[in-house]
Amino acid sequence: MTGDSPLADAFSLLWSFDDEVLGVAWLSIRVSSAAVLVAAALALPAAAGLALGRFPGRRLLRATARALMMVPSVLIGLLIYMTLGRQGPVGALELLYTPWAIAIAQALLAFPLLTSLFAAAVEGADPVTLDAARTAGAGPLGVARAAVHEAAPGLFAALVTGFARVIGETGMTLMVGGNITGETRTMTTAIATETMRGEFERAIAIGIVLLLISIAINVALLALEPRSDARAR
């Protein structure tokens, strides 16, 4: 460390590719990406059914998905902790305090959000495209595929939003991951830990990485927004 200032030392850590900073960043990206992909794989068919299907209870299911978006993440963490703990139904798998536990909790957190956003994106698909698919003889699955293809930009934007939601989570991650150095310490838990220890330069360095990821996410979302001249057509 240079001793000049925490900010200067933080940039020194980034410039030297500090192993600990890169380690927590890579773990966060890897775990959150896996969690979002699993949640998306489950949310997409559910969202397509909610957006295109016509069945009793559809509106209730939509309302339930929206309500689950508001569940505090610490409650999800508590549920996963009780499920994966020694006294839980799958405690024998010893997944608690592992990256798997973090991924499971984050996937559960992302699922209702992605379901709601995916459903909104699919509902926004061009009706002409869907009618053309039906005219061509496509069944419900074929129409759903056409809707998903049409809504691809919105689906990707929802996916990025889900990733942003889970990678910035702290309390739930700490509860099920345990904040173990080199194993389950993510960027958010590392920032909290280093700050409490007075290691501000390392906390700032990790915070800068998290900020850069957030900027990249916003740039991706901005690129997917229709331009004003396109919306006016």
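## Arg185 and Glu194

Arg185 is buried, and Glu194 is also buried (under 20% relative accessible area; exposed is over 50%, partly exposed lies in between; 1.4 Å probe, protein chains only). The side chains of these two residues, Arg185 and Glu194, meet in a salt bridge with an N to O distance of 3.9 Å (side-chain nitrogen of Lys or Arg within 4 Å of a carboxyl oxygen of Asp or Glu).

The model is predicted: local features need pLDDT of at least 70 and side-chain atom pairs count only at pLDDT 80 or more, whereas totals for chains, interfaces and linings use all residues. Residues are numbered from 1 along each chain as its sequence is written, and side-chain values use heavy atoms, with hydrogens and water left out.

## Overall fold

The protein chain holds 12 helices and zero strands (DSSP runs numbered from the N terminus: H or I of at least four residues for helices, E of at least two for strands). Read from the N terminus, the order of elements is therefore α-α-α-α-α-α-α-α-α-α-α-α. Along the principal axes, the C-alpha atoms fill a box of roughly 70 × 55 × 25 Å.

Of the 233 residues in the chain, 40% count as buried. The chain exposes about 13000 Å², and carbon and sulfur atoms supply 67% of that area (Shrake-Rupley method, 1.4 Å probe; for residues, only the protein chains shown count as cover). Among contacts between residues at least 6 apart in sequence, 72% join residues at least 24 apart (contact: heavy atoms within 4.5 Å).

## Other salt bridges

The whole structure contains six salt bridges. One of them pairs the side chains of Glu20 and Arg202, at 3.7 Å from N to O. Glu20 belongs to helix H2 (residues 19-52) and Arg202 to helix H11 (residues 200-224), so this pair ties together parts 182 residues apart in sequence. Glu20 counts as partly exposed at 30% relative accessibility, while Arg202 counts as buried at 15%. Asp18 joins Glu20 and Arg202 in a network of salt bridges.

Another bridge joins the side chains of Glu123 and Arg62, with 2.7 Å from N to O. This pair links distant parts of the chain, 61 residues apart: Glu123 sits in helix H5 (residues 99-123) and Arg62 in helix H3 (residues 58-68). Relative accessibility is 40% for Glu123, which counts as partly exposed, and 14% for Arg62, which counts as buried.

Leaving aside neighbours within four places in sequence, Met187 is in contact with Val24, Ala25, Ser28, Ile167, Ile206, Val209, Leu210 and Ile213.

Ile167 is also one of the buried residues of H8, which are Leu155, Ala157, Ala158, Val160, Gly162, Phe163, Val166 and Ile167. Helix H8 has 16 residues (152-167) and should span 22 Å at 1.5 Å a residue; its end C-alpha atoms are 22 Å apart, which agrees (expected span: 1.5 Å times one less than the number of residues).

## Surface patch

Val74, Leu75, Leu78, Tyr81, Met82, Tyr97 and Ile180 make a nonpolar surface patch of about 610 Å² (residues with over 30% relative accessible area and no salt bridge; nonpolar side chains of Val, Leu, Ile, Met, Phe, Trp, Tyr joined within 5 Å, like charges within 9 Å). Ile180 lies in the loop between helix H9 (171-177) and helix H10 (187-197). With a relative accessible area of 31%, Ile180 is partly exposed.
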